[in-house]
Structures are given as C-alpha cells and as structure tokens.
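Reader: Please take me through one part of this model in close detail, and then show me how the rest of the chain and its partner are arranged around that part.

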2 protein chains.
Amino acid sequence: MQKYSESLRLQGKKIAFVPTMGYLHEGHLSLMRKGRSRGDCLAISIYVNPTQFGPGEDLDKYPRDFEGDEKLAEELGCDVIFYPTNQEMYPENYHTYVNVEKITENLCGLSRPEHFRGVATVCAKLFNIVKPHAAIFGKKDFQQLAVIKRMVKDLNMDLEIIGMPTVREPDGLAMSSRNSYLKGDERESALSLSRSLKRAEEMYENGERNAGRIIKEVRRCINDHSHTRIDYVKICDTETMEDSEYLDSESVLALAVWVGSPRLIDNHVFGEHLNI
Amino acid sequence: MQKYSESLRLQGKKIAFVPTMGYLHEGHLSLMRKGRSRGDCLAISIYVNPTQFGPGEDLDKYPRDFEGDEKLAEELGCDVIFYPTNQEMYPENYHTYVNVEKITENLCGLSRPEHFRGVATVCAKLFNIVKPHAAIFGKKDFQQLAVIKRMVKDLNMDLEIIGMPTVREPDGLAMSSRNSYLKGDERESALSLSRSLKRAEEMYENGERNAGRIIKEVRRCINDHSHTRIDYVKICDTETMEDSEYLDSESVLALAVWVGSPRLIDNHVFGEHLNI
C-alpha cells in the first residue's frame, strides 16, 4: 500500500482516504463520495483496530462483512481497500503510541480511557501507510474528529482532515455499524438520542443558554425510553472539549447511551442545522 | 520547509536529513557527510527541543552558535537548515506526544523520565515537516537511536534510519556539545568514560561474560577519577534495552556520568571495534 501510494504521489496524483472499521453504511458512503470528489485515487481502509477497544468492549463481536463492503466500495468507485491484519499492524514488540492529551480527558475519554490513544495511533499509522492528501471522517464521532485534527496539526502531518455531517436514518437515528446490535423494540428506544438532540436544539432556539437545564431535559427524555442507560450527557466547548456552564456559538451537546447491548453516541452543535 | 520538501519529492529528488540541537561538532559533520552521500538534498535541523529536557536540566544554558553552525553546514554542502522557533513547534494548545514504551524504561529513561517522549515527538514532527527519505543519527545516543528506529517501524514512517559510529577526540572522549561545559581538570576526568569502555572491552576479549563483574570494574575505573558522579552503568540487550546478567553478541555497555556540571553519556557494543 505504501509503495503504491508513493508511486501515485510521484505521478502528482492526489489521494483521498476514508479510514473505516468496515460494515459500511450510508454514513461511510457519504465520506467516500466526498473522497471520490477530492482525489484522483480514493483509498479506504477496513480495519477493526484492537487498540481502541477496552476490556469488556465489543471488539470480538464487532460486525464484519468484507464481501459486502467490497461490493459497496467498488460500486462507489473506490480504487483501493487497505485491509491489514493485526499481525501486520501490531507485530511482536510493538511499543509506540500517540497520545493526544487534554481534549481526550472528557466525554468518551472518561468511560473509554485508552480509546483515543488507540484511535490516534492507528490513524497515524494509516496516514503514514496510505499517504493521503486528504482524509475524511464523520462528525458523528465528534471527539474523534477533534482528536485527529489536533494530532495532524500538532505533529505537522501534511494532509487535510475533512469532517462530514452525520448521516441519519429517515427517523433520525444516526447511522452506525453498532445499530446492527439493536434487538426488537431497542431500535425504537435508540431514537431517544436524536429526539433529545432535537429537544435540546428547540430549547436553544427558544433562548435557553443554561447547560444544566438542557442536560436535565435531555436526560429526562432519554430515560423516558426503555432499555436506555446513560453513559454521559454533556455540553462542551467544541474546541477544548471542556464542560460548558453556559452555551455559546461553540457549544456541542454530546451523549453516549447504552440501548440494550450497544453503546451509541450522537451529538449536535447548537445553532447548526439538525435534519431530524 | 514542508512545501519545499514536497516539491523536491515531486521532482523525484531524495532528501537526507540530520536533526541536531546545533553547536555542531565533528560528530554531526560525520552524519552530514553520510547524508550528503545519500541524498540529492541534505537538510539539517537546528532546534534545542524543550520537551526533551526535564526540570533542572540544562535547557537554558545549552550551548548555541547559529552563525558558526551555518558556516560549518555551508562548507559541508548542506542545502537547507530548518531552524524553527518554540512557538512554531509547540504553539498554544499543543497536546500531542509520541510515546515509545518498554525500551525507554531503562538507562536514560530512568533518570530522565520524559526525555524520550520529547525526542520521539520532536522527531515525528521533524520527519513530517522535512519529509526525508533517510535520517541519520549518531550511535553515541544509543538508546535514542533505538527509540527512533522503533517509532519509525511501529508508526510505519516511510524513511530509513541510519546510525553512524561515535566520533571521538584523539584521546577517546566522545564528541558532544556538552563537552563545552567541562572546566579545568574535569576534561581529564571525562576520559573516565571512554577508558572504562576500553577496560570493559578488554575484559570481554579475555573471556569475561559476567555483566556484574564488568560493571563493578567500570564503576571502579570511573570513580578513580575526580569530579565524577555515576548516574548509571548498565549492560543491556541492544534490542530490548533490558539489563543482561551475562554478555552475548547483542550486549551493550551504556553509561551516564556527571563530570563537574555536564552529564555525559557513552556506550560500547561488546565485540565491536572501539577506536580508543
């Protein structure tokens, strides 16, 4: 992959890259379409990265469907799928990790302490292997996008990071490979995430700026649905990821909720369009 | 620098890179000559990297002579000097660090706990900025070279790391910018490092394979000189940097000794040529 990418670069070709964990859905496809429009070559990776999963998380049962993914990628005009093994990515005596501090301390960093270290490390590796001019990530993983942008800037990596809007099911549920875990009426309960985002945006539009009051309402809304267990509901600064007491134009509502077995996340930047 | 390097790469030119903290001496020049022979473009950096200095270390008084360095670099046929400011390298809200684990736990990692994190981070940044095909480091900083090699391999950085032999003064003292701190008869005491390496190699050649016995003799030899205070004397595996009890073909004697104010380091891989 690295040799192929280097040969493309020597020919002056532009490489766009979408890193994924596979089990592709419409969210991934929107990133790939963006990449298709930005590069002479569209590369994607499919790799369920073990270092971003904690003990007891869903590494082993994370959904996989390489043949289905391959078909979707081909239809979309993807040129290369980079599909490495764990042995290739983390051989014996592997010892190097990229840590992005501060902005990883809140939100998902609280309940998944090693998660962003794994994300930053695997992205650093993938960027060095695929050598893209641009890499495209979804805004559903809001903190992840912030971590990648911070790493790229801090380590002077020569590529552009593009964030794309969250793609939702017609009823509002944010697309996620983990939605496949939802059983029976858990699917209905999973709507509590997007519904509560909508409720929060309505409060914001009606002039509410007190984070505590919005969070209280969001928690109530989620708890009204069965099968839900809140990990966190927070309102933070979009840049620093620190908790905000009062909302301004740079405030994001981020939430993580177990709905049955899967832990789902969603978020909304106040004042931005919310297509729910 | 990054744009210039990218334009060179697009022309198919090879870039060789020697990262330095300046105050260039014959050791650096040997790295630069190697780089000159390996690249169409020889780039060096001069940057006293604050993140690799601990509290109470010699960051503020580290010797600097940019004009002298510039002259030496030009004479040697160096094409570019990358000479960034701290503000450029570590702007406000800088939060990303590269950690190489395990092999940084012993030796200098014991007495300088953040040192290799700073070294790995700044080298990752410099490699991303200068985009070299090869980077050249001195073997005097044995553990540093191992850390850089490990990081490059682990993070799939597409460049070759070349290690070059330690350059010594005619009397055996390993070249170091920090030798400039030595006052009066401390210079004579500083020979205790290379003399003790020589003594250790003699023991090895006479069949000694017990690390403890060699270390004891090395410590005695260093302590025989005035102004010396040992930080560590260790015999390790060259790959894992773990302490060895018995010597084999992959054993290195590494030592760090304060001689007056400077802390000097030196090392020797048993069985290799030692020009003292």
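Author: **A covered strand in chain A**

Strand S2 (residues 41–46) of chain A is mostly covered, with 6 of its 6 residues buried. Buried here refers to 20 or more other C-beta atoms within 10 Å of a residue's own, exposed to 12 or fewer, and partly exposed to anything in between, with C-beta atoms placed from the backbone. Strands (E, at least two residues) and helices (H or I, at least four) are DSSP runs, numbered from the N terminus.

A word on the ground rules: this is a predicted model, in which local features need pLDDT of at least 70 and side-chain atom pairs count only at pLDDT 80 or more, while totals for chains, interfaces and linings use all residues. Residues are numbered from 1 along each chain as its sequence is written, and chains are lettered from A and ligands numbered from 1 in the order in which they are written.

Back to our strand. Cys41(A), Ala43(A) and Ser45(A) point one way from S2(A), Leu42(A), Ile44(A) and Ile46(A) point the other way, and all are buried. Alongside runs strand S1 (residues 15–20) of chain A, parallel to S2(A) and joined to it by 6 bridges; two strands count as paired if DSSP finds at least two bridges between them. One of these pairings sets Thr20(A) against Ile46(A) as its bridge partner in S2(A). To get from S1(A) to S2(A), the chain passes through helix H2 (residues 26–38) of chain A in a right-handed β-α-β crossover. Right-handed is used if the path from the first strand over the helix to the second runs clockwise, with the strands pointing away from the viewer.

In the loop between S1 and H2 of chain A sits Tyr23(A). Its phi is near 55°, a positive value in a residue other than glycine. Is Tyr23(A) buried or exposed? Tyr23(A) is buried, because 20 other C-beta atoms lie within 10 Å.

S2(A) also pairs with strand S3 (residues 80–82) of chain A, again parallel, through 3 bridges. There, Ile44(A) stands opposite Ile81(A) in S3(A). A right-handed β-α-β unit is made by S2(A), helix H3 (residues 66–76) of chain A and S3(A).

Now let us step back to the whole chain. Chain A comes to 10 helices and 9 strands, and 42% of its 276 residues are buried. Its C-alpha trace spans about 55 × 40 × 40 Å along the principal axes. The radius of gyration of chain A is 19 Å, which agrees with the value near 19 Å that a compact globule of 276 residues would have; the radius is taken over C-alpha atoms, and the globule rule is 2.2 Å times the number of residues to the power 0.38. Among contacts in chain A between residues at least 6 apart in sequence, 70% join residues at least 24 apart. A contact needs two C-beta atoms, placed from the backbone, within 7 Å.

Glu208(A) is partly exposed, because it has 15 other C-beta atoms within 10 Å. Leaving aside residues up to four places away in sequence, Glu208(A) touches Met203(A), Arg213(A) and Ile214(A). The C-alpha atoms of Glu208(A) and Leu247(A), 39 residues apart along the chain, are separated by 8.3 Å.

Finally, the partner. Chain A superposes on chain B by a rotation of 180° with 0.0 Å of shift along the axis, at an RMSD of 0.0 Å. The two copies are thus related as by a two-fold rotation axis. Copies are superposed by least squares on the C-alpha atoms of residues with pLDDT of at least 70 in both. In chain A, the C-alpha nearest this axis belongs to Val98(A), 2.3 Å from it. The same surface serves both copies, as 100% of the contact residues of chain A recur in chain B.

The contact takes 25 residues from chain A and 25 residues from chain B. On the side of chain A that touches chain B, two or more residues each come from helix H1 (2–10), strand S4 (96–100), helix H6 (115–130) and helix H7 (142–154) of chain A. S4(A) gives the most to this side, with 5 residues.
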